[in-house]
Amino acid sequence: MRPTELLCTTPKGLYCPPGDFYIDPTRPVPRALITHGHADHARAGHGAVMATSQTLKIMAARYGADFAASKEEAKLGEAVAINGVSVSFHPAGHVLGSAQIAVEKDGFRIVASGDYKRRKDPTCAAFEPVACDVFITEATFALPVFCHPDDRGEIAKLIHSTQVFPERTHLVGAYALGKAQRVIGLLREAGYDRTIYIHGALKGLCDLYREEGFDLGPLAPATVDNGRKGEFAGAIVVCPPSAFSDRWARRFPDSLACFASGWMMIRQRARQRGVELPLVISDHCDWGELLQTIEEIAPGEVWITHGRDDALLRWCELNGVAARPLHLAGYEDEHD
């Protein structure tokens, strides 16, 4: 069959006509398959939702238990049939519960990877390459300028800064799902055993990670309501990036603004946000890792979505790989 007969783009997102389901739809639909729990991919209001158990728990934590009329747990690597179409979920390495979705009919397979990364992450399962005829890849950092440094080196910079400036509170901006827990996990891997303080918006998801068996070490609420500002001198406080502009952030003594994101490679972005210590830690592939993944999977065709598709299209053209952009709307590239 032609690829577009198995998966095609619609105003609501990727749609499988023979299976009559959508992947990460941007509007409520009767049946949705969800790759991961970030809000631009996992929305409430669908009729039936199929996702990994962890993604279902994340959606329930964010939207309430009735986020969909019915839920079905997808077991990694286990194929199920939906209206004659074989569907299987495989680790994507992006955040807790994230998965690629393989859709197959009549021996033809398309893999929708959602968001993914290739780096080791102590808080989620590693990306698993899946052989396919068409590979749908994100392109968040699809420019040669993006060559992300080693995560452990960035965490070492953070720990070193707390030693050089023991009188300052280190406020680390990190997105609530995935990045915050990853930063905490990397700190623990590096031997940082002090209490890490967290913004209230992170507590529910950090608790969920712990319930799923991830040891985040000693955590405490980042509040000065019942204590003195000086108690946070030299401490690491993890918060959503939006909290930098709140009155909450001004409670801490001589705070030093840090931000964990792949976008911190662009120094102008760091300056615009008032970031003193940029930490280049990404939950997406950099340029080299995107190319590595395409070469490793060796699909017959590559479809490119949400990101800088022009550079990746050009690379595919120069390397004899058939490729095209999907131009899907409604997905953010700022969640890193």
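Predicted model: local features only at pLDDT ≥ 70, side-chain atom pairs only at ≥ 80, totals over all residues.
Let me start with Asp20, which at 45% relative accessibility counts as partly exposed, that is, between buried, meaning under 20% relative accessible area, and exposed, meaning over 50%, with a 1.4 Å probe and protein chains only. Asp20 sits in the loop between strand E2 (13-16) and strand E3 (21-23), and has a positive phi of about 55° although it is not a glycine. Asp24, in the loop between E3 and strand E4 (31-33), also has a positive phi, near 50°, but Asp24 is buried, with a relative accessible area of 3%.

Residues are numbered from 1 along each chain as its sequence is written, and side-chain values use heavy atoms, with hydrogens and water left out.

Now the sheet. Here 6 strands form an open, parallel sheet in the order E14-E13-E15-E12-E16-E17, where strands are DSSP runs of E with at least two residues, helices are runs of H or I with at least four, both numbered from the N terminus, and two strands pair if DSSP finds at least two bridges between them. Strand E14 (219-221) and strand E17 (277-279) stand at the edges with a single partner strand each, so one side of each is left without a neighbour in the sheet.

Within it, strand E13 (residues 196-198) and strand E15 (residues 236-239) pair in the parallel sense over 2 bridges, and Tyr197 stands opposite Val237 in E15.
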